[in-house]
Amino acid sequence: MKKILLCTLIICFCVFNVNAQDEENTSPKGENTYKKAPNKWQLRVRAIAVAPEPYFYDTIDGFDLDISTAFAPEVDITYFLSKNIALELMLSTSKHDLEIEDGTDLGSVSILPPTLSLQYHFYYKNFKPYLGAGLNYTLFYGEDSGDLEDIEYKNQVGYALQAGLDYNISDKWFINLDFKKMFLKTEITPDNDSNSSVEANLDPLFLGFGVGMKF
């Protein structure tokens, strides 16, 4: 997956360079068409479902990890570097219940995974689909240890892949459908015992629907 992410980023940068050269070559009398591009900024507000697909990094018989799906609000802001290339910063937080296969309650934890993505946007009439890839830094907070005396989660860097669609309903407003797959890993330490620490992949799927504004 890391190779896929790297290839996606390289392709996006190459497309950006070609697009920038085309704009410069087709601009009359040396005008910079990039300066004329309207609506460089977009703001979206979405309702999202966060569905983790967890597993322990090392297989532990009888200890499959189960994490609940959560629903939460989400906000993102997008800045267009060119007509097709954009940067998106996504902010959202969600709370999840955890347990393992033998019935042990691991309580709950909230995650905050701010994600910065590089996107490529396509255009067809009022439709604007896009693809993206990026990085996130996931913060774990508000731990409830459940059946344990204590539990800790290690903050980690992860990465994300994205696909979405904007549909213009006016010159300023649009509706949005967005899918993100995040690859998040953490180290779980029960009862302050580092010898019992295990690495777990959460790998949530984010499904979002909302509205956006151009400005």
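Lys180 and Asp178 are both buried. In this predicted model, the two residues form a salt bridge, with their closest N and O atoms 2.8 Å apart. Salt bridges with shared partners extend this into one network of Arg44, Arg46, Glu74, Asp76, Glu88, Lys128, Asp166, Asp178 and Lys180.

**Salt bridges**

- The structure holds 11 salt bridges by the rule used here.
- Asp178 also bridges to Arg46, where the closest N and O atoms are 3.8 Å apart.
- That pair connects distant parts of the chain: Asp178 sits in strand E12 and Arg46 in strand E1, 132 residues apart.
- Both Asp178 and Arg46 are buried.
- Lys181 forms a salt bridge with Glu53, and here the closest N and O atoms are 2.6 Å apart.
- Lys181 belongs to strand E12 and Glu53 to the loop between E1 and E2, so this bridge ties together parts 128 residues apart in sequence.

- Glu53 lies in the loop that runs between strand E1 (41-51) and strand E2 (55-56).
- Is Glu53 buried, exposed or partly exposed? Its relative accessibility is 46%, so Glu53 counts as partly exposed. The limits for that class are 20% and 50%.
- The side chains of Glu53 and Lys181 make a polar contact of 2.6 Å.
- Beyond its neighbours within four places in sequence, Glu53 contacts Lys181, Asn201, Leu202, Asp203 and Pro204.
- Leu202 is 149 residues from Glu53 along the chain, yet their C-alpha atoms are separated by 5.7 Å.

**Nonpolar core**

- In soluble globular proteins, nonpolar side chains tend to be buried together.
- The largest nonpolar core here has 22 residues.
- Leu65, Leu98, Leu106, Phe140, Tyr153, Met182 and Phe206 have the most contacts inside this core.
- Which strands each supply at least two residues of this core? They are E1, strand E3 (65-67), strand E6 (94-100), strand E7 (105-112) and strand E10 (151-153).
- E7 gives the largest share, 3 residues.
- Leu98 touches Leu65, Leu106 and Tyr153, which are also listed among the core residues with the most contacts.
- Other contacts of Leu98, leaving aside neighbours within four places in sequence, include Asp66, Ile67, Asp105, Gly107, Ser108 and Val109.

**Aromatic pairs and a charge over a ring**

- The whole structure contains 5 aromatic pairs.
- Phe140 and Tyr153 form a stacked pair, because their ring centres are 5.6 Å apart and their planes meet at 15°. Planes under 30 degrees apart count as stacked.
- Phe140 lies in strand E9 and Tyr153 in strand E10, so the pair ties together parts 13 residues apart in sequence.
- Phe140 has 8% relative accessibility and therefore counts as buried.
- Tyr153 is buried too, with a relative accessible area of 9%.
- Tyr159 and Phe183 are another stacked pair, at 4.9 Å centre to centre and 20° between the planes.
- This second pair links distant parts of the chain: Tyr159 is in strand E11 (residues 156-168) and Phe183 in strand E12 (residues 173-183), 24 residues apart.
- Tyr159 and Phe183 are both buried.
- Lys83 lies over the face of Tyr123, 5.2 Å from the ring centre.

**Thr138 in strand E9**

- Where does Thr138 lie? Thr138 is part of strand E9 (residues 127-144).
- Thr138 has 1% relative accessibility, so it counts as buried.
- The side chain of Thr138 makes a polar contact of 3.0 Å with the side chain of Asn136.
- Not counting residues up to four places away in sequence, Thr138 touches Ile111, Leu112, Pro113, Asn155, Gln156 and Leu184.

How values were computed: Residues numbered from 1 in each chain as written. Predicted model: local features only at pLDDT ≥ 70, side-chain atom pairs only at ≥ 80, totals over all residues. Heavy atoms only, no water. Helix = DSSP H or I, 4+ residues; strand = E, 2+ residues; numbered from the N terminus. Buried < 20%, exposed > 50% of the residue type's maximum accessible area, 1.4 Å probe, protein only. Contact = heavy atoms within 4.5 Å. Polar contact = N/O pair within 3.5 Å; in protein donor to acceptor, adjacent residues only side chain to side chain. Core = buried A, V, L, I, M, F, W, Y, C linked by side-chain atoms within 4.5 Å. Phe/Tyr/Trp six-rings, centres within 6.5 Å; stacked < 30°, edge-to-face > 60°. Lys NZ or Arg CZ within 6 Å of the ring centre and 35° of its normal. Salt bridge = Lys/Arg side-chain N within 4 Å of Asp/Glu carboxyl O.
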